[in-house]
Amino acid sequence: VPASGNFTSFIISFNSDGLKEYALMNIPKSQKPAGGFPVLILDHGYIQPNTYDTINSYKSDSDYFANQGFLVIKPDYRGNGNSEVIDPALMRFAYPIDVLNLIVSIPNIPEADSDNLYLWSHSMGGEVSLEVLEIAAKNNNFTSKIKGAIFWAPVTDPVKWFSRNNLPNLPEAIITPYPYTQTFEILGTPDKNPQLWQSLSPLNYLKNINVPILLQHGTADITVPYNWSIELNNDLLKLKKTVNFISYPNDTHNLPLHWSEATSDDLGFLQNLLKK
């Protein structure tokens, strides 16, 4: 894959639930550390799965961290791009499984330090990363591998998201065409089957999280409301978790006004953890 920067890009594949999934991998050209490059898994936000692009979606973010010395892997998730999928209606709830299966396969990458992993996420990817952290904490295969996680404007609760009447002025392009149209037929609506939907919420399992968190959000975000991050931050603090919450005044969902500042904040967070 052509790359503009101090790294080499590849499209790789991995197995998840018997499905062939794809990912973008950026490997720095700099001198490899003795234990391998630290790994940043980039959990992308919602893009219509049939228009999602392995190379170009979230390119500026994946390029940035590779240029800073991280081996970056951006999984496509099942049904996104060319990744295989069996049940599109429920695929969103299986995205964390894809990321966990990717993590299991990282020791096969010679350049990677598979015991030095970090998560970076945006929007829907935040929901994925929260669940990955919560599941990983209960599984010895992942304990201590993930050292920290970064969340930009995370979706924190699928009940709120799928109810959507709680979202102010959600841009129509995000809603339609929507790949989860049969989800309610299978699971019932959040109103009709609240117990099931609540069980799907990562907010119920925050106590399992055991890594430092950097939480970032623009105060003018109308796609994922800013107050969702306020609530997440408060919940994590009540549980005595290590969390740093940074607000970006008047900025929107992708932090266009503060992108350089926000990525610099991310780098500082990651470098501080690398020293430990």
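Before anything else, please keep in mind that the model is predicted.

I will start with the sheet. There is an open sheet of eight strands, and the pairing in the sheet is mixed. Reading across, the order is β1-β2-β4-β3-β5-β6-β7-β8. At the edges stand β1, residues 7-16, and β8, residues 243-248. Each of these two has a single partner strand, so one side of each has no neighbour in the sheet. From one strand to the next, the twist averages 20°.

The partner here is strand β2, residues 19-28, and β1 and β2 run antiparallel, joined by 10 bridges.

Let me turn to strand β3, residues 37-43. How many of the seven residues of β3 are buried? Seven of the seven are, so the strand is largely enclosed by the rest of the structure. For that count, buried means under 20% relative accessible area.

Strand β3 pairs with β5 and with β4. With β5, residues 112-122, there are six bridges, and the two strands run parallel. Within that pairing, L42 has W120 in β5 as its bridge partner. With β4, residues 71-75, there are three bridges, again in a parallel arrangement. Here I41 stands opposite I73 in β4. How does the chain get from β3 to β4, and through which helix? The chain goes through helix α1, residues 59-67, and this β-α-β crossover is right-handed.

On to a pair of helices. Helix α2, residues 95-105, packs with helix α3, residues 124-136, at an angle of about 60°, and their axes are 9 Å apart. That angle makes α2 oblique to α3. The crossing of the two, α2 and α3, is right-handed. As for the residues that meet, the α2 side has Y95, P96, V99, L100 and I103. On the α3 side are M124, V128, E131, V132, I135 and A136.

Where is L257? Its place is the loop between β8 and α9. Is L257 buried or exposed? The relative accessibility of L257 is 60%, so this residue counts as exposed. The cut-off for exposed is over 50%. Setting aside neighbours within four places in sequence, L257 is in contact with N250 and D251. The C-alpha atoms of L257 and V72 are separated by 24 Å, and the two residues are 185 residues apart along the chain.

Q195 is found in helix α7, residues 194-199. With a relative accessible area of 68%, Q195 is exposed too. From Q195 to Y226, 31 residues apart along the chain, the C-alpha atoms are separated by 26 Å.

That is the end of the talk.

Terms used:
Residues numbered from 1 in each chain as written. Predicted model: local features only at pLDDT ≥ 70, side-chain atom pairs only at ≥ 80, totals over all residues. Heavy atoms only, no water. Buried < 20%, exposed > 50% of the residue type's maximum accessible area, 1.4 Å probe, protein only. Helix = DSSP H or I, 4+ residues; strand = E, 2+ residues; numbered from the N terminus. Pairing = 2+ DSSP bridges. Right-handed = clockwise from strand over helix to strand, strands pointing away. Axes fitted to C-alpha atoms, helices over the stretch in contact; angles between N-to-C directions. Contact = heavy atoms within 4.5 Å. Parallel < 35°, antiparallel > 145°, perpendicular 65-115°, else oblique. Left-handed = near helix turned anticlockwise from the far one by under 90°.
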